[in-house]
Amino acid sequence: MSPLVVIPAAGASARMRGGDKLLETIEGEALLRRQAVAATATGCAVAVTLPPGPSARRACLGDVPVAIVDVPDHKEGMSASLRRAAGLLVDGQALAVLLPDVPGIGAGELIEVLQRFRSFDGDRVVRGGTVLDARPGTPLFLPHRVARRFLDLAGDDGGRQALAGEAVEFVRFPDDRAVRDLDTPEDWAAWRAETGIAE
């Protein structure tokens, strides 16, 4: 059974000072849509968590074949999205978490981490990370037994407490692509200047 890939996109983007980081465009495509398309390239089912009601985020997903999951308690933080995602799993199904504000992760990186996860028969936590300083990043693939711990999450720790005591296998990328999230206008400006990628 393939994992369910969840993209937790119910956050407020508060540090963008009125903008929305998930609607920033990369070569004409909104970041959230771009990441959703990348996730579908794995062949896994994909769910995107969003606040209830109409929104530009919801609209940008258009015809991308993903499930939209409403998170009424989204103001609680990341844990609300992860709880909802864990509740969608069927018996034995693994869960993958792709943070949507890390544009360095695309379909190729997702598939590489998925393949490593499958090499352990889906029974070990596997995630992206960095080579030089061993920082943990996205995506994160979790066996069913670990993903179910998300049902008890509270606050905004991103699920770290659920990983306590688990051996973690890293797919270490040669740069910061797995850990570089773009939360502010300055982050976006610096990333665009370094990569040369157009809006």
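Here are some questions and answers about this predicted model.

User: Before we start, which pLDDT do local features need in this model?

Analyst: Happy to set that out: residues are numbered from 1 along each chain as its sequence is written, and side-chain values use heavy atoms, with hydrogens and water left out. This is a predicted model in which totals for chains, interfaces and linings use all residues, side-chain atom pairs count only at pLDDT 80 or more, and local features need pLDDT of at least 70.

User: Which residues have the most contacts inside the largest nonpolar core?

Analyst: A nonpolar core is a set of buried Ala, Val, Leu, Ile, Met, Phe, Trp, Tyr and Cys residues joined through side-chain atoms within 4.5 Å. Buried means under 20% relative accessible area, exposed over 50%, and partly exposed in between (1.4 Å probe, protein chains only). The largest such core has 38 residues, and those with the most contacts inside it are Ile7, Leu32, Val48 and Leu61.

User: And which element gives the largest share of this core?

Analyst: Helices (H or I, at least four residues) and strands (E, at least two) are DSSP runs, numbered from the N terminus. Elements that each supply at least two residues of the core include β1, β4, α2 (56-61) and α6 (185-195). The largest share, 5 residues, comes from α1.

User: Which residues is Leu61 in contact with, leaving aside its neighbours within four places in sequence?

Analyst: Contact here means heavy atoms within 4.5 Å. With those sequence neighbours set aside, Leu61 is in contact with Leu32, Arg33, Ala36, Val48, Leu50, Val66 and Ile68.

User: How many residues are in the other core that lies apart from it?

Analyst: Leu82, Leu142, Ala147 and Leu153 are among the residues of that other core. Leu82 is also one of the buried residues of helix α3 (residues 78-88), and what covers the buried residues of α3 includes β1 (4-8), β4 (45-50), β6 (95-97) and α5 (144-147). The core that lies apart has 19 residues.

User: Is Leu151 buried, partly exposed or exposed?

Analyst: Leu151 sits in the loop between α5 and β9. Not counting residues up to four places away in sequence, Leu151 touches Arg83, Ala86 and Gly87. With a relative accessible area of 34%, Leu151 is partly exposed.

User: How many residues of strand β8 are buried?

Analyst: Two strands pair if DSSP finds at least two bridges between them. On one side of the pairing list, 3 bridges join β6 to β8, which run antiparallel; another 3 bridges join strand β7 (residues 125-130) to β8, also antiparallel. Strand β8 (residues 136-142) is largely enclosed by the rest of the structure, so the buried count is 6 of the 7 residues.

User: Which residue in β8 does Val126 stand opposite?

Analyst: β7 and β8 form a hairpin with 5 residues between the strands, where Ala134 takes a positive phi near 55 degrees. Val126 stands opposite Phe141.

User: Which two residues does a cis peptide bond join?

Analyst: Most residues other than glycine have a negative phi, and most peptide bonds are trans. The cis bond has an omega of about 0 degrees, and Pro139 has its place in strand β8. The residues joined are Thr138 and Pro139.

User: What is the phi of Glu27, and what is the phi of Asp121?

Analyst: Glu27 lies in the loop between β2 (25-26) and β3 (29-30), and at 63% relative accessibility Glu27 counts as exposed. Asp121 is found in the loop between α4 and β7 and, at 72% relative accessibility, also counts as exposed. Neither is a glycine, yet phi is near 50 degrees for Glu27 and about 55 degrees for Asp121.
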